[in-house]
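Please examine the sequence and the structure shown here, and keep both in view while reading the explanation that follows.

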Amino acid sequence: MSQPLLSLPIDVLNIINKAIPTTLFQQLATQCTAVSFLNTGISNVNIKLSCEDGDKVLRVNQPHSNWCDRALEVECWQAAIVANIAPALIWVSDDKQVYLSEFIDQPETDWSIFASMRSHLSLGQSTNQSIAAVDAVPLLSALFCKLSVLPVPEKSITVSEQWQQYAYQLDSLTGSQTDPKWHDARQQLLRLNGLVRHWLSQLEACVLLPTFCHRDLTPHNLLLSGRAPQQLLCIDYEYAVASHPLFDLASVVASHQLSTKQANQLIDNVIMQYCQVASLTDVSAAKAALPAAINCFWLFSAMWALLMAAKEPQKSTQYLQYFTKYFTLITC
């Protein structure tokens with residue numbers, strides 16, 4: 001009798017064989033009927049295990065992803081589970097390298113079809129026909145309602161601190177880079193410094209308290225559960241910390257394909273919610289600062305891409321293309 005789990009790549013198999021207790025490993029090997037890779041990311045590998053007792057996701061964190069606070073990630077994930085906005089976490093290895101979680105089926109709509117990239121000046125674009133039938137605003141609004149009252153993580157990072165951290169890392173890498181395109185990109189970022197300080201001042205002026213912030217609420221990190229009542233769940237809590245409440249809203253508006261009407265409804269709903277829980281000063285100030293938050297979302301994306309181009313030179317061309325794509329979405 002074949003055991004599909006044993007067909008995984010040898011490096012992955014060695015990691016999980018050492019990390020997972022023998023009884024659990026044998027149980028998975030016996031009940032698993034098929035394996036398929038969901039994604040192979042920079043910081044982790046996610047594998048779907050089709051099992052007789054319910055499908056699961058096996059996640060193996062890459063050894064080089066030590067920049068991520070895995071203990072905090074698990075803590076934030078567990079808080080989201082309590083709020084019913086995350087897949088159940090079944091088992092975590094002591095070293096936090098291997099996770100086993102519930103697989104969420106999306107029988108009606110794969111939320112990743114909402115993926116889009118835009119600046120705050122391009123909200124007028126219409127949605128395509130394939131997603132026009134999905135009423136995204138109530139689903140996203142309900143998700144933000146639950147996110148707004150999650151326990152605030154102990155680790156906090158302001159938007160200004162995030163910018164400073166990225167800038168410091170780029171400065172430290174500048175002397176070792178020989179690609180002229182990398183240095184051109186770095187100069188483009190430096191020329192924005194004056195505007196960035198203005199955006200950060202706008203954001204700091206409208207926040208009262210930091211909130212639970214996922215910091216990567218793109219459509220690829222949201223799942224539309226097929227269970228009743230239908231709702232959105234978040235995955236991938238690697239970046240979650242206490243931060244500015246507008247940053248998650250900015251990431252959704254920037255990365256989702258929404259009509260102007262939908263975007264405005266979502267903005268109204270979410271900002272009102274955060275004002276009610278005393279995270280933002282007032283509705284008008286928060287709305288005025290949202291374009292700055294969206295610019296910061298694309299700025300940080302561009303800075304991340306430039307960092308990755310330096311850290312993974314074999315993929316530098318790809319990351320520099322990402323940089324250009326993200327940078328052009330910043331509106332000055």
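Helix α9 (residues 245-255) and helix α11 (residues 283-311) have axes that come within 8 Å and cross at roughly 70°. The two helices, α9 and α11, are therefore roughly perpendicular to each other; angles under 35 degrees count as roughly parallel, over 145 as roughly antiparallel, 65 to 115 as roughly perpendicular and the rest as oblique. Axes are lines fitted to C-alpha atoms, for helices over the stretch in contact, and angles run from 0 to 180 degrees between N-to-C directions. Helices (H or I, at least four residues) and strands (E, at least two) are DSSP runs, numbered from the N terminus.

This is a predicted model, in which local features need pLDDT of at least 70, side-chain atom pairs count only at pLDDT 80 or more, and totals for chains, interfaces and linings use all residues. Residues are numbered from 1 along each chain as its sequence is written, and side-chain values use heavy atoms, with hydrogens and water left out.

Where α9 meets α11, the residues in contact (heavy atoms within 4.5 Å) include Leu 246, Phe 247 and Leu 249 of α9, and Ala 286, Trp 298 and Phe 300 of α11. The residues of this contact of α9 with α11 divide into 15 nonpolar, one polar and no charged. Here Ala, Val, Leu, Ile, Met, Phe, Trp, Tyr, Cys and Pro count as nonpolar, Asp, Glu, Lys and Arg as charged, and the others, Gly among them, as polar.

The next topic is the sheet. Strands of a sheet pair through backbone hydrogen bonds, either parallel or antiparallel. In this model, five strands form an open sheet in the order β1-β2-β3-β5-β4, with antiparallel pairing; two strands pair if DSSP finds at least two bridges between them. The edge strands, each pairing on one side only, are β1 (32-40) and β4 (89-92). From one strand to the next, the twist averages 20°.

Within the sheet, strand β2 (residues 44-51) and strand β3 (residues 56-61) run antiparallel and are joined by six bridges. Val 45 stands opposite Val 60 in β3. Helix α1 (residues 10-19) packs on the sheet and touches β2, β3, β4 and β5 (98-102), while its direction makes about 100° with that of β3.

Strands β4 and β5 also run antiparallel, joined by three bridges. Leu 89 has Ser 101 in β5 as its bridge partner. The hairpin of β4 and β5 has five residues between the strands, and in this hairpin Lys 96 takes a positive phi near 65°.
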